[in-house]
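This report describes how the parts of one protein chain are arranged.

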Amino acid sequence: MARLGVLLFLVQIVLAVCALISCLSAEEGKIRALPRIAWVLIILFFPLVGSIAWFIVGREPSPGARNGWSGGGGGERQRPRPVAPDDDPEFLRSVEERAQQQDQELFQRWEEDLRRREDDLRRRDGEPPREGDRPEV
């Protein structure tokens, strides 16, 4: 029986900590019924009842929630919108295309430079290039 009491005590503490974090991090416009300080005091002095009251009455439900519970249920499923540019497939595709285009342009410039250097060497009529004219490797 003592183990059950310890377990219930721990559940009450965890619930109170979650309620406090939720209360303290909630935006000012999302808090209902009482001011934030009143909710904090209620949660601290009456952890079990205060925590449950906060989750049921104190905070405004999220926009997609039904009956105070989020998620679940039937209805139309919408594709979640990417929250960051690196989660957007179109953005990633455009970045990859831009990188490939820049690589191609750089490769073309290197080829043109190499051809120009080879032509310069051929124009010297077989003279070996001087030490200062050699390309660095």
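How many aromatic pairs does the structure hold? In this predicted model, the structure holds 1 aromatic pair. A pair of aromatic rings is described by the distance of the centres and the angle of the planes. Here the rings belong to Trp-39 and Trp-54, whose centres are 5.6 Å apart. Their planes stand at 70°, so the pair is edge-to-face, since planes over 60 degrees apart count as such.

Trp-39 is part of helix H2 (residues 36-45), while Trp-54 belongs to helix H3 (residues 47-58). The pair therefore ties together parts that are 15 residues apart in sequence. Trp-39 is buried, its relative accessible area being 4%. Trp-54 also counts as buried, at 0% relative accessibility.

**The chain as a whole**

The protein contains 4 helices and 0 strands, and its elements follow the order α-α-α-α from the N terminus. It has 137 residues, of which 12% count as buried. The accessible surface amounts to about 12100 Å², and 58% of this surface belongs to carbon and sulfur atoms.

**Packing of the helices**

Two packed helices are described by the angle between their axes and the distance between the axes. Helix H1 (residues 2-25) packs with H2 at an angle of about 175°, and the two axes are 10 Å apart. H1 and H2 are therefore roughly antiparallel to each other. On the side of H1, the contact is made by Ala-16, Ala-19, Leu-20, Cys-23, Leu-24 and Ser-25. H2 contributes Arg-36, Trp-39, Val-40, Ile-43 and Leu-44. By class, the residues of this contact of H1 with H2 are 9 nonpolar, 1 polar and 1 charged.

H2 also packs with H3: their axes come within 5 Å and cross at roughly 145°. From H2, the residues in this contact are Trp-39, Ile-42, Ile-43, Leu-44 and Phe-45. From H3, they are Pro-47, Gly-50, Ser-51, Ala-53, Trp-54, Val-57 and Gly-58. The contact of H2 with H3 comprises 9 nonpolar and 3 polar residues, with no charged residues.

**Individual residues**

Which residues does Ser-51 contact, leaving aside its neighbours within four places in sequence? They are Leu-15, Ala-16, Ala-19, Ile-43 and Phe-46. Ser-51 itself lies in helix H3. The C-alpha atom of Ser-51 is separated by 9.8 Å from that of Val-14, a residue 37 positions away along the chain. Val-14 lies in helix H1.

Ala-33 has its place in the loop between H1 and H2. The phi angle of Ala-33 is near 75°, a positive value in a residue other than glycine.

The table gives the relative accessible area of residues discussed above.

| Residue | Relative accessible area | Class |
|---|---|---|
| Trp-39 | 4% | buried |
| Trp-54 | 0% | buried |
| Ser-51 | 0% | buried |
| Val-14 | 52% | exposed |
| Ala-33 | 65% | exposed |

Ser-51 is buried because a relative accessible area under 20% counts as such, and its value is 0%. Val-14, at 52%, counts as exposed, as does Ala-33, at 65%, because the class begins over 50%.

Terms used. Residues are numbered from 1 along each chain as its sequence is written. This is a predicted model: local features need pLDDT of at least 70, side-chain atom pairs count only at pLDDT 80 or more; totals for chains, interfaces and linings use all residues. Side-chain values use heavy atoms; hydrogens and water are left out. Rings of Phe, Tyr and Trp (its six-membered ring) pair if their centres lie within 6.5 Å; planes under 30 degrees apart count as stacked, over 60 as edge-to-face and the rest as tilted. Helices (H or I, at least four residues) and strands (E, at least two) are DSSP runs, numbered from the N terminus. Buried means under 20% relative accessible area, exposed over 50%, partly exposed in between (1.4 Å probe, protein chains only). Axes are lines fitted to C-alpha atoms, for helices over the stretch in contact, and angles run from 0 to 180 degrees between N-to-C directions. Angles under 35 degrees count as roughly parallel, over 145 as roughly antiparallel, 65 to 115 as roughly perpendicular and the rest as oblique. Contact means heavy atoms within 4.5 Å. Ala, Val, Leu, Ile, Met, Phe, Trp, Tyr, Cys and Pro count as nonpolar, Asp, Glu, Lys and Arg as charged, and the others, Gly among them, as polar. Accessible areas come from the Shrake-Rupley method with a 1.4 Å probe; for residues, only the protein chains shown count as cover.
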